[in-house]
Every structure is written in C-alpha cells, then in structure tokens.
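Please look over the model below before reading the remarks, which are meant as a colleague's comments.

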Amino acid sequence: GTQTSHRTTEQNNTDQSQLHNIDLLYKHNSQGFGSLTIDGSYTFSTDDHRYLVTTNGSDLNRIDGNNRYYVYSAQADYTRQTFGGIRLQAGAKYTHTHNTGLSDSSDPIDGTVYFHNTTRLDDELVAGYLTLSRQTGKFYISAGLRGEYYHSHYRQNGQNLYRGDKFTAYPSLQVNYTASPSLIFSIGYNNKSQRPTFSELS
C-alpha cells in the first residue's frame, strides 16, 4: 500500500538592516591657484537575519546570518588653466572596503550545530588620473590617462580562497569640431572600469 506523511513547517523571521554614512567635503577656488576639491567618506552597513523554523510543532532549526560592510574613501580633484590655454585636470582616489559575513544553522534547544560559515573580504583601490584639454579655433581636443591599482583578499572560515593584485591603465581621447553653433562633429575613445554601486552589493 501507499503511505502518506504530512509535515507542517512554520517560520518566524527577524530581519534588521542599518546604513550609516559620514561625508566630509572641502572646496577651494582662486584665480591663481585653481580649483581643489577634497572629499572623505565613511559608510557602515549591516544586515542581520534570524529564522526560527518549526516542523510538526516540535523539530526546531535556527538559521542566523549577518553581513557587514565598512567602506573608507578619500578623493582629491584639482583643476587649473595652465600655459597656452591648456586646461589641466588631475586627481587621486583611495577606497578600502571591508566585509564580514556569517551564516549558521543550529538546534536552539540542545545547541547542535548543523553548519557554520564565516567570510571576510578586503578590497583596496588606488587610482589617479590626468587630463589635458585645449580649445583651438573650432577644434576642442582632450586627452587623458587614468591608472588603477586593485588589491583583493577573500577568506572563508579562516582559509585564504583568493588573493590578487592588478594594475590597469585607461586612456581617453576626444576631438570636437564646431562647424556651426548647431552642428558639432565629435570623435573619441574612452576606456574605463565600472563597479557595482553600494546598494547592489550583497
């Protein structure tokens, strides 16, 4: 014959998320010096989850998880009109991202641990750029170079799973020709990296 069993599962969830951000901004402008902007920021984000699962009213399983981000960033940008009508733009940026994660499952009554997993990620980015541009008659020319050094270190349960360093150069070039106020021809080349925003990180 066929035996049929029924299992009833109930789940009680507790979720808590926080996001804190501090920004410091300094600007200086003068005709002889140029324009200087310095920006520093600190971001802290945390997500805590707790699930209490009950099966058939007696079997208990507690699943806990948390994810924390600490992001430190500093950036400086400088702009000045130099000799020969050349406009100079230069800047540098440093970002350090530290992330810790935890997920585990246990019996809340006798303390039996079914699994326990911890992760740690440290990312560092050091970048600098220089752009020179000039308007000559109907032509506008801009050329620049950005360099990025990236370091990443990922650990799981105390073991190193990945560690790497990378340097990349990103050149850019743009040429505009103004035939008339309503007609501008433009050609250019731009190569850059794109990373996820903070809200897209998990």
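This is a predicted model: local features need pLDDT of at least 70, side-chain atom pairs count only at pLDDT 80 or more; totals for chains, interfaces and linings use all residues.

1. Residues are numbered from 1 along each chain as its sequence is written, and side-chain values use heavy atoms, with hydrogens and water left out.

2. Strand β4 (residues 87-106) pairs with β5 in the antiparallel sense over 20 bridges, where strands are DSSP runs of E with at least two residues, numbered from the N terminus, and pairing requires at least two DSSP bridges. Ala 90 has Leu 130 of β5 as its bridge partner, and the hairpin formed by β4 and β5 has six residues between the strands, with Gly 111 in the turn at a positive phi of about 80°.

3. On to the next pairing: β5 and β6 run antiparallel and are joined by 18 bridges, with Ser 142 in β6 as the bridge partner of Ser 133. Two residues separate the strands of this hairpin, and Gly 137 in its turn has a positive phi of about 60°.

4. Asp 123 is found in strand β5, and it counts as buried because its relative accessibility is 15%, the cut-off being under 20% relative accessible area with a 1.4 Å probe and protein chains only. Beyond residues up to four places away in sequence, Asp 123 touches (heavy atoms within 4.5 Å) Thr 95, His 96, Thr 97, Tyr 150, His 151, Ser 152 and His 153.

Methods. Helices (H or I, at least four residues) and strands (E, at least two) are DSSP runs, numbered from the N terminus. Buried means under 20% relative accessible area, exposed over 50%, partly exposed in between (1.4 Å probe, protein chains only).
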